[in-house]
Structures are given as structure tokens and as C-alpha cells.
Amino acid sequence: TKMLNPHKARLERRIVGSTNRWRLPQEPFFGDLLALPQMCQALGIDIEESLKNPERLRIPKIQKIFTENLKDKASQNGEADVTLECLGFKWELHQPQLFQSETLTKLYLAALGRGGSSPHRALLPGKVQERSRVKRMIISLKINDPAVTRVAFATALKNLYLKDEEMNVEEVLGVLASAHVLQFSRLFKRCVVTMMNGLRPSTIKNFYLAGLRYKEEQLTTACEKWLEMNLVPLMATQIHLRHIPQELLQKVLRSPRLFTFSEFHLLKTLLMWAYLQLNSKIQAIPIHETMLTFFNSFPKKCCFLDRDIGQSWLPLFLCLRLHSITSGRDLEELRHINFFPESWLIRVTANHYHAVESGGDMAHLKDLTTQAVRFGLLFDQENTTHSKMISIYGFFFEIKGIKHDTTSYSFYMQRIRHTDLDSPSTICEHSAVSLKSERLVKYEIRAQTLVEGRWQEFSTNQITQKFGFVQPCCKSHALKIQTVGIPIYASFAFIFPLS
């Protein structure tokens, strides 16, 4: 029987010599005493020093020591030490800058090991030998990433020399890809910050995909957060809406922080996204009626979401809170376009009927975070006060924001009588009116704004309160905030619990 030796792999020596040069190991010292002298000779390190401190043979350590020792010594005559062949160009580089890139450091050390050249002088501390000046070293780097253009790569190399070189949003993807290839961490981090500060409708898709590709969670989270706030108020009116990946859209729709003016606004945004997927040649956002006509043009034998193409988007539309759409006109529009299964609309209508019959109680809603009726106010630079009237099951509320000074704001909601509306006859003509003196409401008011690249979040937390018609019980708890951020996204979420 053949005995298996568990230490076999450890005992196998890596062959080295004049034709098989030393290789860069995963560990600083890999136990091969024949290879070690050759490595030390190539690097100009005394073998006794390396045995005492093997950590010095790790790539990051070599990078640091090379850079520190060459900072004031190398290239005093201005001439380059290394020629990098890449992307069909020859780039002249100096050793102190080159060692900021882990990739270039490895190529340089590998070239030393092959005997391609030597540094002007011994570069690492210890017992070293003086070396004579030799011809410039040549190293080659092959890049297969199409995102790495010559211009972007040149910018990345320029950043080896200039720490605060300006970078515009248009070129940052290529520079990020170049920094990744070069393993140039300082530049890579700068690119990520530039992208996080440069989020807009035209960049959100590519920046998000870059975050996924490079596993940069900080960037993908920033993209998700930006879209949570801007999907409805900004993206809904931009042709760039069509480029939002379905996976990202679904994450945002499920977020409790999602901002929308109303559920019907969110529904229209999602319908527009679906329309743009099916009409790839459209170059401008169409009017709402054009979109409705398109979906209404499908055969009536089944609704759109029951079709093959609709099935793939079903998870997106299941994120909608259709029970928050209470306007009879809006519900009739949904029936007309034959987009949703009839069973969905019947259930929504039945829930509305039972709620009105029971004095507004939303018996089918339990969780404020995932089921609440939601409305929003976008408070921008021009607003000193901003308000909106909402009506649900015969109860009328005003949601309101007030700017007190340059950095002080408050947001609240209050119940009002139908007779106190600006045009009560118009509003009440198609609405139920409840004469109940009190209405139990469970609510939360949130405000979010971006300040120096970081989102500030404010909340009242969940509050349950009876709303009457007179002060102070007609008014909710006020969310008071101090911030320099603009705009402010204020969200009002509530349900009517069983009373």
C-alpha cells in the first residue's frame, strides 16, 4: 500500500537557476534555500537580513521600502528608469512613482529576477553591494479590459506623479479601470469618491455596474441611496430611466426609505420604465397618454403582467402598494390599460369599500414600514413653505413643510374639515366625507438630505395619535431639523389602525 505523505507539497522544492529564475512567492519565504540567495541578489538584500526578517520580502513591504529609499535618490538627472510597454505605447517612468502600483512593482521585481536590469543602487536597507549604472529596464503589461483606454491609462500614470490631479466625471470609469489593473489603491479610492459625488441620471447605471464589478460596496450603496430619493422626482422625467437595471430598481422599490410624491406617481414611473424597455428607439419621454395608449393596444385576452414579457417584471410591480391608490379616476385608468390582473384590482377596490364602511379603519394593513400609505414633499431652495392636501376614506389632511431660517425646518401633518378646503365643493364632489370627530392614525414623518456626500436622515419614529378638528389634537408631532442640505426629501407615511 502506498503511503500518502501530507507534507509532500511542502517538501517539493521550486527549481531555480540560470535558466529558471526565482519566482514571486505567495509567502515571503517559501523554504527554498537555493532560490533565496538568487532572489536576494536580484533585490540587493543581504541573505542574513532576509532570514531574520522575512516580512521584508512581501510585495507591499517592498513597495514601501523602495519608495522611501528612492524618494530623494533616484533619477536626479531627470531621466526615466523604466520603460513600460502597454496599449501600443512606451511610457517612461521613474522608480519612486512606479512603486505606488502593486502591479508595476511585481513586473519590476520579476524583470530583476530574470536579469533584465538592476536598479542604479541597492534599494533596500541592510548589507548591500554597490551596483553599476545599467541601461533602462523595459517591462510589459498586457491589458484586455476595453474600459482601459489610452487616455484613461495616461491619466492613471499621471496620478503616480501628481496627487491631486483633476478628474472629470466623464473619464472616471476608464481611470477607475486603469487603477484597478495597476492595483493603484490611492487613485482607485479617489475615483470611487468622484463617482459617488457625480451621481446623476446619465451616470447612475454605469457607476452602479462598476461598483458591482469591482465589489465596491460603498459605491453600490451610494447608487442605491441616490436612486431611492431621485427615482420619482428626477428619473421619471429622463430618458435615462430606461437604463436602470431591473435588479437595482427592485432593490430601491423594496426600500422603506424610497421617496415618492404619492403611490400613483411611483406607479406611473414604473409603467414608464416598462414602456421604455419595450420601445428602445424612443429618444424622449412621451406624454402619459401615449404610454397608456401603448399598453391598451395589447389584445384583451389577458392582462400585460400575465404575458411572457410581463411575467419577468412581476417582482417589480409586486413592490407597489396599490391599496394606497384611492382615487376612483386613477383606479379606472388602471382598469382601462389592462396592465394588472383583474384579481389585484378587485382586491384593492374591496379593501377600499370595507375601509369606508368601517369609518376608515384599514383592517388589511398591519405594518407601517412596508404597507403604509405614503406621500412626499420635495423642499428646495425656493420654498419657505410647501404643503399638499390629501384625502383618504373621507378624512382630509394637510402635509406641510416650513423653513424657519437658513438651516431650520419643520414638517408636520394636520387634519382639516372638508369645509375649510380651498374649494370644498370640487374636492368633495367625487370624495366621501367622514364626520367622525376623531381618527386614530399611526404615522411616521421622515426627512432626508445630502450634505457633503453623506445622507442625513431625520425621523419622528412611529407615533400613534388621535386626530380631531381642533388644536392641539388636529396636528401631528412636528419633525424639526437643522441642516444645510438642499433639497430636503420629506416623507409622510401612515395607516388608520382599527379604532
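1. Let's start with Phe188. In this predicted model, Phe188 is buried, with a relative accessible area of 12%. Buried here means under 20% relative accessible area, so a value of 12% falls in that class.

2. Another one to find is Phe89 with Trp91, a tilted pair with 5.5 Å centre to centre and 35 degrees between the planes. Is Trp91 buried or exposed? Trp91 is buried, with a relative accessible area of 14%. Phe89 counts as partly exposed, at 39% relative accessibility, because that class lies between under 20% and over 50%.

3. Ring pairs can also join up into a group. Here they link Trp273, Tyr275, Phe294, Phe295, Phe298, Phe304, Trp313, Phe317, Phe339, Phe340 and Trp344 into a cluster.

4. Arg415 lies over the face of Phe469, at 3.9 Å from the ring centre. Likewise, Arg439 lies over the face of Phe395, with 5.8 Å to the ring centre.

5. Now for the strands. Strands of a sheet pair through backbone hydrogen bonds, either parallel or antiparallel. In what order do the 4 strands of the open sheet come? The order is β5-β6-β7-β11, and the pairing is antiparallel. β5 (385-392) and β11 (479-482) stand at the edges with a single partner strand each, so one side of each has no neighbour in the sheet. From one strand to the next, the twist averages 15 degrees.

6. Finally, look inside the sheet at β6 and β7. Strand β6 (residues 395-403) and strand β7 (residues 408-416) run antiparallel and are joined by 8 bridges. Which residue of β7 is the bridge partner of Ile402? That partner is Ser410. Two residues from point 5 come back here: Phe395 falls within β6, and Arg415 falls within β7.

Methods:
Residues numbered from 1 in each chain as written. Predicted model: local features only at pLDDT ≥ 70, side-chain atom pairs only at ≥ 80, totals over all residues. Heavy atoms only, no water. Phe/Tyr/Trp six-rings, centres within 6.5 Å; stacked < 30°, edge-to-face > 60°. Buried < 20%, exposed > 50% of the residue type's maximum accessible area, 1.4 Å probe, protein only. Lys NZ or Arg CZ within 6 Å of the ring centre and 35° of its normal. Pairing = 2+ DSSP bridges. Axes fitted to C-alpha atoms, helices over the stretch in contact; angles between N-to-C directions.
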